[in-house]
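Thank you all for coming. I would like to take a few minutes to walk through one model, so please have a look at it before I start.

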Number of protein chains: 2
Amino acid sequence: MPSEGNKNALFEAIALMGKGLASPRRLELLDLLAQAPRRVDDLARASGQSTANTSQHLQAMHAAGLVTRTREGTSVRYSLAGDEVLSLWLALRDVSVARLAEVECAARDYLGDEVESIGREELIARLRTGDIVLVDVRPAEEFQAGHINGARSIPLDELEDRLADLPADREVVAYCRGPFCAYAHEAVRRLQAAGRPARRLAEGWPEWRLAAEPTKRTRAA
Amino acid sequence: MPSEGNKNALFEAIALMGKGLASPRRLELLDLLAQAPRRVDDLARASGQSTANTSQHLQAMHAAGLVTRTREGTSVRYSLAGDEVLSLWLALRDVSVARLAEVECAARDYLGDEVESIGREELIARLRTGDIVLVDVRPAEEFQAGHINGARSIPLDELEDRLADLPADREVVAYCRGPFCAYAHEAVRRLQAAGRPARRLAEGWPEWRLAAEPTKRTRAA
DNA sequence: CAACTTATCAAGTGATCTATTGAATAGCAA
DNA sequence: TTGCTATTCAATAGATCACTTGATAAGTTG
């Protein structure tokens with residue numbers, strides 16, 4: 001007996017998750033969580049907002065089912081609620097970028113000059129033949145939480161100091177948080193300034209991981 | 001030169017699309033548009049809200065890049081902005097249903113008793129051997145805008161009158177707008193009440209279409 | 001042209017959302 | 001117990017949003 005009330009309840013419940021994605025601050029937190037689970041004040045510092053505000057946003061996302069939390073002694077660690085949520089976030093981001101002209105402008109301004117990039121397939125092939133070095137330029141904690149197999153960690157701010165660690169005879173491929181993270185762009189520019197051939201990976205760790213672990217896209221009705 | 005201002009602009013632009021998904025009314029409109037493009041007052045009637053309000057919601061979604069519009073004489077026809085948007089909507093719906101316990105309750109209340117369902121693969125196999133009849137129980141206009149190959153259109157309110165059209169010796173499979181549309185459930189109940197063996201397809205037309213036309217899931221960075 | 005349909009705009013009100021502030025709580029360590 | 005830290009709660013003011021109403025614009029038809 002299909003009643004209007006229940007039908008609305010369904011859309012309202014879905015809209016709850018939509019609301020979770022409707023604030024730039026929350027999206028920034030979600031983006032950070034896509035790299036690694038983190039504690040509240042850590043997220044607050046990383047996103048430059050007050051702890052109380054961060055906590056409230058996280059609770060909103062928790063209510064929407066976007067994130068999960070676990071107590072760890074005196075602090076609370078938040079993580080994405082699952083790979084489906086990561087998929088959703090990437091889908092939203094991609095659709096938005098594809099459709100909204102403003103976003104592309106914003107991205108270009110933010111990333112600076114475009115640097116040469118390399119795709120997933122080519123990277124895999126070149127890794128196999130061993131004629132490149134893959135470098136993860138994200139902060140060390142994010143590398144530790146997960147990284148591409150065969151990558152070595154050199155956070156962006158240590159790059160100049162550790163140039164000697166990189167074999168001089170091989171091209172460097174840098175990757176970071178994703179296509180809208182400036183780290184890899186910046187790393188490539190600095191490497192080239194130091195006379196090293198370098199490119200950036202067109203995607204970041206979350207996209208790579210999702211592609212590597214073919215998550216259940218099956219739809220159980 | 002990564003500046004904070006631009007980074008925020010990026011998230012703000014994406015949040016714009018999030019806001020487009022943050023209202024139950026808009027989601028209802030989106031769900032209708034997933035079936036077929038429609039005119040404003042048509043959508044207003046179908047969703048039971050004022051024309052002005054519908055127009056405003058549609059404009060909000062247009063600004064977010066979720067829908068496109070074309071003038072048609074005196075009226076304006078809105079449609080989904082592309083298959084990526086359909087993907088996004090289905091992803092949001094699925095994640096929400098998987099995560100939010102409330103939604104499942106709402107869905108159960110709304111759909112009534114569960115009826116036996118059939119999956120995509122089995123349907124394809126049974127269609128090939130020809131021992132079932134596939135029936136589209138949505139309104140005729142939606143059937144006309146697109147339907148599963150081999151289906152015949154029998155809108156739900158004509159079902160009883162047209163029982164004779166269905167061969168008595170074959171099982172009937174009914175489908176409608178999607179797993180949360182009550183039409184197929186109701187159709188199966190009525191068919192069984194009339195002594196016909198019947199099941200519902202576990203998914204609806206939008207899901208089927210998206211699976212049939214493997215849309216570009218590739219991510220251009 | 002006038003009458004009519006369809007869609008959009010503009011303004012106003014009540015509701016909801018956001019960020020801030022300061023207080024309250026939970027866990028840990030002396 | 002008393003401090004200390006990390007997080008959450010509660011109250012607030014300001015911003016934004018949703019829906020209504022009545023006017024306006026665009027397009028069709030007589």
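This is a predicted model: local features need pLDDT of at least 70, side-chain atom pairs count only at pLDDT 80 or more; totals for chains, interfaces and linings use all residues.

Residues are numbered from 1 along each chain as its sequence is written, while chains are lettered from A and ligands numbered from 1 in the order in which they are written.

Let me begin with DNA strand C, which is surrounded by 23 residues, the closest being B:R39, B:V40, B:D41, B:S55 and B:S75; a residue counts as near if its C-beta atom, placed from the backbone, lies within 6 Å of the strand. Two or more residues each come from α4 (51-63) of chain A and from α3 (40-47), α4 (51-63) and β3 (75-80) of chain B, where helices (H or I, at least four residues) and strands (E, at least two) are DSSP runs numbered from the N terminus. The largest share, five residues, belongs to α4(B).

Turning to DNA strand D, we again find 23 residues around it, with A:R39, A:D41, A:S55, A:S75 and B:G73 as the closest. Here α3 (40-47), α4 and β3 (75-80) of chain A, along with α4 of chain B, each supply at least two residues, and α4(A) makes the largest contribution, namely five.

Which strands make up the open sheet in chain B, and in what order? There are three, arranged β1-β3-β2 with antiparallel pairing, two strands being paired if DSSP finds at least two bridges between them. The edges are β1 (38-39) and β2 (67-72), each of which pairs on one side only. Two bridges join β1(B) to β3(B), and B:R39, one of the residues closest to DNA strand C, stands opposite B:R77 in β3(B).

Across β1, β2 and β3 of chain B lies helix α2 (residues 24-33), running at about 85° to β3(B); axes are lines fitted to C-alpha atoms, for helices over the stretch in contact, and angles run from 0 to 180 degrees between N-to-C directions. The axes of α2(B) and α4(B) come within 10 Å and cross at roughly 80°, so these two helices are roughly perpendicular, a label that covers 65 to 115 degrees. In that contact (C-beta atoms, placed from the backbone, within 7 Å), B:R25, B:R26 and B:L29 of α2(B) meet B:H57, B:L58, B:A60 and B:M61 of α4(B).

Key
Two residues are in contact if their C-beta atoms, placed from the backbone, lie within 7 Å. Angles under 35 degrees count as roughly parallel, over 145 as roughly antiparallel, 65 to 115 as roughly perpendicular and the rest as oblique.
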